[in-house]
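Take a moment to look over the protein before reading on.

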Amino acid sequence: MNRPIKHVAVFCGVMVMALFLRATWVQFVKGGTLADDPHNRRVQIEAFSQPRGDIIVGGEAITGSEATPGSDFLYKRVFKDGPVYAPITGYFSQAQGATFLEGVYSDLLSGKDDRLYTGPLDALTGRKPRGGDVVTTIDPAAQKAAYKGLTDLNAQGAVVALDPRTGRILAMASTPSYDPSAFAGISAKEGERFQKLDKDKNKPLSNRAIRETYPPGSTFKILTAAAALESGAVTDINASSGAPSPYQLPLSTTKVGSVVPDAQCDRVSMKIGMQWSCNNVFLDAALKTGRDKMRETAEKFGFNKEQFTPVRAVAGAYPDKLDKSQTALTGMGQGSLASTPLQMAMVTAGLANNGKVMKPYMVEELRGADLSTIEKTEPEVLNQAVSENTAKKVQEMMEYTVTDGTGDKVRIDGVTVGGKPGTAQHGADVRDELPYAWFVSYAKLKDGSSPVAVAVLVDPKDINISRSDIAGGRLGAPIAKAVMKAVLDQQ
């Protein structure tokens, strides 16, 4: 063989070897990464190549798949009662991706989850498994009551309802909402709809129940009471607190009054203080309990830690560096304190469940297309936040607040109900911003157990209402009552 031919043969051999090595690298080393790359159009086409599994509420699918003729994407997602359930389902869009349950369980719903593999025949035939279903814990009657309550007010806000005994999320509403079907496709018009929602200053795409934090206002007084009783700072809920009204903050010249006349709150007991939401009693209780014990109790109820439902919920915040004045302010739910509606529902549920806080969850079961169970969620204790004795004392005060105090609008005939309204000031200048209206409550069955606890947040800035008329008992209590009745009617 002459030298030129030999050089060409070696060169060709080297090129073939390089090609072989590159193919091996791409196929076996980088194959998974390339297959999962969201910019890989084949991945996108595959994602919409067959009908998707469904998200189930109350035994019925609230999602579906619709054929899209003339497109590489053969199917697109459709949603039943989209705005009602959007905070739970999220969206699944050919152009915008996926969020919430649609995102967390995308592999299961699309059929890619390895647990849907039925045997070697699938591998031999190349048959793609059908998507599985996500069965939620949501109670459709409670969910619709929550959404209707907020939309009837034309309010921004959120509602979360839990089963205190298990942690099951029974309702999760957020307004303003959106219809995920409106931009499920890839058309220019659907893209415009999404952009309009994304740029809306009222943030309809945001789930206020779990992704936004707010000062909890006077609803936090139930946690202050629990912390004070558990630490021994308060031992008798019927004894005089000794706290004057108005109450002068330590290290400050500021005096804090209450909504009711100061004489009505002056040195009253914690039970009376809860009844009329006397700020002085809870400022003093937080100060006596101390920053560390207050924070420790708050964390046992879930503060300062993200929750996964399995959708991520941002953490409520009880700061670790507070002076005495700031610590006192947290006692009435103000200062640098922040909470999600889910977090306040957890506090309320934990107290209703005799101090035991259950981990919140919204997925009951994952199942295959043949309805076989793939995974089932079991209730899990998050913390024994306070003793049963402490929790029962707080229950006594909350129930008295409903029968004889500011929570009276949540009464349900023949049912024991505990509740606490609240308003929360916010903004750089609280005089320029209308306060948030809160309401938290629970209902008990005859055996003393509680099947439902609710937290309601109303942002009244788009409501034609005066500052003096904004109160959690007026705006939030009717919503909480409707949600609890929806759950109780099925017990």
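What follows is a short tour, from the whole chain down to single residues.

First, some ground rules. This is a predicted model, in which local features need pLDDT of at least 70, side-chain atom pairs count only at pLDDT 80 or more, and totals for chains, interfaces and linings use all residues. Residues are numbered from 1 along each chain as its sequence is written, and side-chain values use heavy atoms, with hydrogens and water left out.

Let us begin with the overall picture. The protein chain holds 20 helices and 20 strands; helices (H or I, at least four residues) and strands (E, at least two) are DSSP runs, numbered from the N terminus. Of the 491 residues in the protein chain, 52% are buried. Here buried means under 20% relative accessible area, exposed means over 50%, and partly exposed lies in between, with a 1.4 Å probe and protein chains only. A contact means heavy atoms within 4.5 Å. Among contacts in the protein chain between residues at least 6 apart in sequence, 68% join residues at least 24 apart.

Now find the sheet. Five strands form an open sheet in the order E2-E1-E7-E15-E16, with mixed pairing; two strands pair if DSSP finds at least two bridges between them. At the edges sit strand E2 (60-61) and strand E16 (373-376), each of which pairs on one side only. Further in, strand E1 (residues 55-57) and strand E7 (residues 133-136) pair in the parallel sense over 2 bridges, and Ile56 stands opposite Val135 in E7. E7 is also joined to strand E15 (residues 363-367), this time antiparallel and by 4 bridges. There, Asp133 has Arg367 in E15 as its bridge partner. Which way do the residues of E7 point? Asp133 and Val135 point one way, Val134 and Thr136 point the other way, and all are buried.

Next come the helices. Helix H11 (residues 221-231) has 9 of its 11 residues buried, so it is largely enclosed by the rest of the structure. Among the buried residues of H11 are Lys221, Thr224 and Leu229. Just after H11, Gly232 takes a positive phi of about 90°.

Helix H20 (residues 477-488) has 12 residues. From its first C-alpha to its last, H20 reaches 16 Å, close to the 16 Å expected at 1.5 Å a residue; the expected span is 1.5 Å times one less than the number of residues. Buried residues in H20 include Ile479, Val483 and Val487. An α-helix has 3.6 residues a turn, so residues three or four places apart point the same way.

How do two helices meet? Two packed helices are described by the angle between their axes and the distance between the axes. The axes of helix H17 (residues 341-352) and helix H18 (residues 388-404) come within 8 Å and cross at roughly 110°. Axes are lines fitted to C-alpha atoms, for helices over the stretch in contact, and angles run from 0 to 180 degrees between N-to-C directions. Thr348, Leu351 and Ala352 in H17 meet Ala391, Val394, Gln395 and Met398 in H18. These contact residues divide into 5 nonpolar, 2 polar and no charged; Ala, Val, Leu, Ile, Met, Phe, Trp, Tyr, Cys and Pro count as nonpolar, Asp, Glu, Lys and Arg as charged, and the others, Gly among them, as polar.

Stay with H18 for two of its residues. Lys393 is found in H18 and counts as partly exposed at 25% relative accessibility. Lys393 and Leu229 are 164 residues apart along the chain, yet their C-alpha atoms are separated by 8.5 Å. Not counting residues up to four places away in sequence, Lys393 touches Leu229, Thr235 and Ile237. Leaving aside neighbours within four places in sequence, Tyr400 is in contact with Lys271, Ile272, Gln275 and Gly405.

Finally, visit Gln307 in strand E12 (residues 307-308). Is Gln307 buried or exposed? With 6% relative accessibility, Gln307 counts as buried. Its contacts, not counting residues up to four places away in sequence, are Gly302, Arg312, Ala313, Met346, Pro360 and Leu382.
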